[in-house]
Amino acid sequence: MADSDTPRTRPLLLPDAIHQAIKPGTALLRLETTSLREGLLDGAWWPRTRDIETELSALISVLTGDLGPITRVGVDASAWDGLPTRLVIDGRVVHLDSDPVGDDTVLITRGRNDHFALLLVPPDTTVDAAREAMARAVRADNITQAAQILIATTSQPEDGAADTAG
């Protein structure tokens with residue numbers, strides 16, 4: 001069969017939804033809304049705890065629906081309460097790599113070599129700061145590294161002492 005006779009399937013792409021709660025009251029996921037994937041980051045994830053098994057299971061379940069099977073996840077072990085080498089999520093084995101990506105990024109691998117980089121918003125981030133960081137991360141023209149986005153959006157004003165005065 002010639003290559004031209006092979007039926008072509010449309011590749012799975014990031015969804016057009018601006019943001020999505022993975023579970024009500026828990027993690028929030030935002031993905032870039034363009035199929036071109038031009039920015040440094042493909043999305044942002046704001047887990048509510050540092051329990052990798054609970055948080056990552058929900059994330060992978062959602063991403064699998066939009067992207068197809070996820071095979072690997074690269075995270076910084078220091079950002080989580082324990083890091084197994086693999087998880088079984090929805091009946092599939094997902095390998096976890098403790099990559100030196102920094103605790104501000106999660107690398108998702110679909111198939112053998114298709115990577116998605118997500119900004120990892122720390123669980124204790126305020127709502128306003130998390131939303132701002134996630135909005136910056138998903139811009140198609142974003143050229144700012146994840147760590148710099150978090151610094152810019154979570155910095156407290158110099159006069160923050162006024163909040164503690166009683």
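A: Strand S3 (residues 43-46) is joined to strand S8 by three bridges, and the two run parallel. Helices (H or I, at least four residues) and strands (E, at least two) are DSSP runs, numbered from the N terminus, and two strands pair if DSSP finds at least two bridges between them. Within this pairing, Gly43 stands opposite Leu118 in S8.

The model is a predicted one, in which local features need pLDDT of at least 70, side-chain atom pairs count only at pLDDT 80 or more, and totals for chains, interfaces and linings use all residues. Residues are numbered from 1 along each chain as its sequence is written, and side-chain values use heavy atoms, with hydrogens and water left out.

S8 also pairs with strand S7 (residues 105-110), through six bridges and in an antiparallel direction. Here Ile108 stands opposite Phe116 in S8. S7 and S8 form a hairpin with three residues between them, and Gly111 in the turn has a positive phi of about 70°.

S8 (residues 114-120) is largely enclosed by the rest of the structure, because five of its seven residues are buried. Buried means under 20% relative accessible area, with exposed over 50% and partly exposed in between (1.4 Å probe, protein chains only). Across the protein, buried residues make up 38% of the 166 residues.

Helix H1 (residues 52-67) also has buried residues, namely Ile52, Glu55, Leu56, Ala58, Leu59, Ile60, Val62, Leu63 and Leu67. An α-helix has 3.6 residues a turn, so residues three or four places apart point the same way. Just after H1, Gly68 takes a positive phi of about 95°.

The protein contains three helices and eight strands, arranged along the sequence as β-β-β-α-β-β-β-β-β-α-α. Of the contacts (heavy atoms within 4.5 Å) with a separation of 6 or more, 58% are between residues 24 or more positions apart.

The other two helices pack against each other: H2 (residues 127-137) and H3 (residues 146-154) lie at an angle of about 145°, with axes 9 Å apart. The axes are lines fitted to C-alpha atoms over the stretch in contact, and angles run from 0 to 180 degrees between N-to-C directions. Ala129, Glu132, Ala133, Arg136 and Ala137 of H2 meet Ile149, Leu150, Ala152, Thr153 and Thr154 of H3 in this contact.
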